[in-house]
Amino acid sequence: MATKKIVAFSSSPRKKSNSDILCDSIIAGAVGGGADVEKIKLNGLSIHPCIACEACQKSLTEPCIYDDDMTPLIDKIREADALIFASPIYFFTVNAQMKVMLDRLLAIFGEGKFDAMIGKKAAIALTYGEPEPLNSGVTCAHEMFQRSFGFLGMDFVGCAHAAGHEAGVVKQNTNALENAAKIGAKLCE
Ligand SMILES: Cc1cc2nc3c(=O)[nH]c(=O)nc-3n(C[C@H](O)[C@H](O)[C@H](O)COP(=O)(O)O)c2cc1C
């Protein structure tokens, strides 16, 4: 069987980021399952927000009017068998570094067709400061991913998540790390 290609997007701006630690555990599980994984840190990339000009929608291959750090990511996503999205929760959803990239994904589609992502597997990693998940906003981000993956015909294999505010604290959460690794292994099935 051909090696599965996975691209991981990790959006925290912090060193020893909790969501990035969970992302690495998902990656470790996927690598253990034989996948080839590339991780891309979104913080610091130059990605202009989508301005809804719809130029990218004219054809299936028409690029975005902004030729910035998103351009190579579109090609990597096209070629990937599976994707990982890791973000801290900011104001009850993903952070801006993740959201700006997700909006610019519009350029992978065109002509009103939303079939470029069909069949790709996806996993997410989310961390939040509020100890009670229902009060943290993680459910909002989870639902955003779940619904958009469903709309796009993707195969959502799981969400690794953990509470913790201090950078690096998730390293002590063995349950969350083990769950993340299991999710990573599922990306290879
Ligand atoms: C601007 C900002 C907004 C935040 N908003 C939330 C929130 O809505 N809910 C929550 O539980 N934690 C919130 N947090 C806390 C982070 O989600 C938490 O510290 C998380 O572990 C950070 O992950 P990271 O280490 O990967 O950056 C916020 C933090 C910042 C800096």
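Seven nonpolar, ten polar and three charged residues make up the shell around the ligand. The model is predicted. Its protein chain has six helices and six strands. The order along the sequence is β-α-β-α-β-β-α-β-α-α-β-α.

**Ligand shell**
- The ligand is surrounded by 20 residues. S19, P88, Y128, G129 and S136 are the closest.

**Overall build**
- The radius of gyration of the protein chain is 16 Å. The globule rule gives 16 Å for 189 residues, so the chain is as compact as a globular protein of that length.
- Along the principal axes, the C-alpha atoms fill a box of roughly 50 × 40 × 25 Å.
- Of the 189 residues in the protein chain, 37% are buried.
- Take the contacts between residues at least 6 apart in sequence: 80% of them join residues at least 24 apart.

**Strands β1 and β2**
- Strand β1 covers residues 5–10 and strand β2 covers residues 36–41. The two pair in the parallel sense, over six bridges.
- From β1 the chain crosses through α1 to β2. This β-α-β crossover is right-handed.
- Within the pairing, F9 stands opposite I40 in β2.
- In a regular strand, side chains alternate between the two faces of the sheet.

**Loop residues with positive phi**
- A52 lies in the loop between β2 and α2 (70–79). Its phi is near 60°, a positive value in a residue other than glycine.
- A52 has 8 other C-beta atoms within 10 Å. The cut-off for exposed is 12 or fewer, so A52 counts as exposed.
- F92 sits in the loop between β3 and β4 (93–94). Phi of F92 is near 70°, again positive in a residue other than glycine.
- F92 has 14 other C-beta atoms within 10 Å and is therefore partly exposed.

**E132**
- E132 is placed in the loop between β5 and α4 (133–136).
- E132 is exposed, because 9 other C-beta atoms lie within 10 Å.
- E132 and A163 are 31 residues apart along the chain. Their C-alpha atoms are separated by 7.8 Å.

Key: Residues are numbered from 1 along each chain as its sequence is written. A residue is near a molecule or strand if its C-beta atom, placed from the backbone, lies within 6 Å of it. Ala, Val, Leu, Ile, Met, Phe, Trp, Tyr, Cys and Pro count as nonpolar, Asp, Glu, Lys and Arg as charged, and the others, Gly among them, as polar. Two strands pair if DSSP finds at least two bridges between them. Helices (H or I, at least four residues) and strands (E, at least two) are DSSP runs, numbered from the N terminus. A crossover is right-handed if, with the strands pointing away from the viewer, the path from the first strand over the helix to the second runs clockwise. The radius of gyration is taken over C-alpha atoms; the globule rule is 2.2 Å times the number of residues to the power 0.38. A residue is buried if 20 or more other C-beta atoms lie within 10 Å of its own, exposed if 12 or fewer, and partly exposed in between; C-beta atoms are placed from the backbone. Two residues are in contact if their C-beta atoms, placed from the backbone, lie within 7 Å.
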